[in-house]
Amino acid sequence: MRKAFLLAALFALSLVTSVAAEEIGASSAKFWSVPQVDALPYDAHSRLIRHGRDLITATYSHIGPDMPDPAQRFAGNNLACGNCHLDAGVKKFGLPIFGLAEDFPAYSARIGAQITLQERINSCMTRSMNGRPLPVSSAPMRAIVAYIQFLSSGVRKGEKLSGLGAGTMPELDRAADPARGHDIYQARCIGCHNVDGAGVQNSLPGHGAGYAFPPLWGSDSFNDGAGMARLITAANFIHSNMPDGVDYLHPRLSPEEAWDVAALMVSKPRPHRAGLEKDFPDLLQKPIDAPYGPYADGFSEEQHKYGPYGPIRAKLQEIEKQQGEVRNPNSAR
Ligand code: HEC
Ligand code: HEC
């Protein structure tokens with residue numbers, strides 16, 4: 001009798017161990033096997049790749065607004081590309097720039113035409129970095145492109161990697177709420193991102209020191225034309241990655257909390273980019289959460305900014321059906 005009990009207990013124990021082993025197996029899926037920059041030799045091309053990585057992780061020190069030489073001031077804020085493209089651009093669902101070099105030229109709904117990788121980078125330069133475009137032949141542009149291409153070595157053209165973007169949580173059937181987001185910010189974000197979303201600067205004195213914890217809004221943040229200024233992108237990024245250190249397999253915020261705190265961030269003031277009304281010439285391809293009009297569907301800017309998105313999607317489908325339009329497979333929506 002006793003022995004049977006003991007055996008059952010042992011059996012239960014072995015179940016526990018095998019579950020644990022499975023979990024370890026699953027969590028190793030959170031990493032990609034990426035080409036190692038540090039292992040490169042010190043030839044000219046490898047130096048370019050290393051410099052490209054530095055430009056991603058410490059953008060402010062190379063092309064930031066505080067550069068002593070005005071000709072080198074390209075970024076308009078002191079963010080780093082790597083503040084959003086996490087782990088120097090190789091973190092799953094941390095907006096990776098891994099394995100995508102072969103995807104370009106790619107169709108851009110924002111412009112309504114094919115764009116090159118350099119043009120895509122400059123889209124982040126002028127929106128996320130609130131700055132001016134890097135000339136295609138400039139040293140920093142060549143370095144960033146060399147780094148992104150290096151990260152793609154070994155990834156076949158057309159290969160679909162899982163882990164790109166920031167994830168796709170279920171949506172709320174109500175509008176996301178900045179007031180609830182405020183309480184979540186006080187409890188879960190303020191310790192790092194500081195009072196009033198201002199961030200905390202790096203401690204190094206001197207020019208172009210950048211941020212230990214980047215600002216989420218205000219004059220030194222991304223502008224209102226940036227991808228991170230859109231609720232769906234922001235909420236998924238926050239859910240998969242914040243508080244910093246979290247990964248998509250072990251989120252710490254509930255989806256609802258992530259939607260509401262993203263709504264707070266989206267509601268706050270930030271630099272304005274002129275000419276946004278010209279984005280997305282085909283309005284049916286405009287991302288549903290673009291916080292600026294015009295829109296094809298007649299819903300308010302408010303509802304596009306905060307949701308709920310179900311009714312807008314239904315309306316857009318109706319319009320597409322009426323027009324007999326075949327949805328562009330590259331549509332951002
Ligand atoms: C404030 C956050 C933020 C910063 C800073 C930022 N980006 Fe981005 N970047 C994004 C978002 C969000 C997207 C995806 C946008 C979308 O949904 O289309 C993106 C997309 C990209 C892409 C295309 C990725 C793909 O999957 O096709 C590249 C390349 C890129 N960024 C490069 C850069 C570079 C280089 C810098 C620095 C000069 C930079 N980004 C700075 C947020 C940022
Ligand atoms: C433990 C500190 C910490 C906490 C807590 C934290 N963050 Fe972050 N956050 C960071 C760091 C550091 C980065 C930049 C990551 C990098 O450069 O690798 C970042 C980046 C971001 C970004 C993208 C960059 C930018 O400037 O917009 C957003 C958005 C963001 N955090 C939102 C939040 C929200 C919302 C919360 C609360 C739910 C939060 N974070 C909690 C440390 C933190």
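This is a predicted model: local features need pLDDT of at least 70, side-chain atom pairs count only at pLDDT 80 or more; totals for chains, interfaces and linings use all residues.
Let me begin with ligand 1, where 22 residues lie around the ligand, and where Cys81, Cys84, Cys124, Ser128 and Gly227 come nearest.

If we ask which element gives the largest share of the shell around ligand 1, the answer is helix H5, residues 117–126, which supplies 4 residues. By class, the shell around ligand 1 consists of 15 nonpolar residues, 6 polar residues and 1 charged residue. Both domain 1, residues 37–151, and domain 2, residues 178–267, take part here, each giving at least three residues to the shell.

Now let us move to ligand 2, which is surrounded by 23 residues, the closest being Cys189, Cys192, Pro214, Pro243 and Asp244. Two helices, H8 (190–193) and H9 (231–241), are the elements that give two or more residues to this shell. The shell around ligand 2 divides into 17 nonpolar, 4 polar and 2 charged residues.

Next I would like to turn to how some of the helices pack. Two packed helices are described by the angle between their axes and the distance between the axes, and I will give both values for each pair.

The crossing in which H5 passes H6 is right-handed. On the H5 side the contact is made by Leu117, Gln118 and Ile121, and on the H6 side by Met141, Ile144, Val145 and Ile148. In terms of class, this contact of H5 with H6 has 6 nonpolar residues, 1 polar residue and no charged residues.

H6 also packs against helix H2, residues 44–57, with axes that come within 7 Å and cross at roughly 95°, which means that H2 is roughly perpendicular to H6. Among the residues that meet here are His45, Leu48 and Ile49 in H2, and Pro140, Arg142 and Ala143 in H6. The contact of H2 with H6 has 10 nonpolar, 3 polar and 2 charged residues.

A further pair is helix H7, residues 178–188, and helix H10, residues 255–267, which pack at an angle of about 100° with their axes 7 Å apart. H7 and H10 are therefore roughly perpendicular to each other. The residues that meet include Pro178, Arg180 and Gly181 in H7, and Glu257, Asp260 and Val261 in H10. By class, the contact of H7 with H10 has 6 nonpolar, 3 polar and 3 charged residues.

Finally, a few words on the backbone. Most residues other than glycine have a negative phi, and most peptide bonds are trans. Which bond joins Phe104 and Pro105? A cis peptide bond does, with omega about 0°, and Pro105 is found in the loop between helix H4 (86–89) and strand E1 (106–108). Gly307 and Pro308 are likewise joined by a cis peptide bond, with omega about 0°, and Pro308 has its place in the loop between helix H11 (301–306) and helix H12 (310–322). Lastly, Asp87, although not a glycine, has a positive phi of about 50°, and this residue is placed in helix H4.

How values were computed:
Residues are numbered from 1 along each chain as its sequence is written. Chains are lettered from A and ligands numbered from 1 in the order in which they are written. A residue is near a molecule or strand if its C-beta atom, placed from the backbone, lies within 6 Å of it. Ala, Val, Leu, Ile, Met, Phe, Trp, Tyr, Cys and Pro count as nonpolar, Asp, Glu, Lys and Arg as charged, and the others, Gly among them, as polar. Domain bounds come from an automatic or database domain assignment. A crossing is left-handed if the near helix is turned anticlockwise from the far one by less than a right angle, and right-handed if clockwise. Two residues are in contact if their C-beta atoms, placed from the backbone, lie within 7 Å. Axes are lines fitted to C-alpha atoms, for helices over the stretch in contact, and angles run from 0 to 180 degrees between N-to-C directions. Angles under 35 degrees count as roughly parallel, over 145 as roughly antiparallel, 65 to 115 as roughly perpendicular and the rest as oblique.
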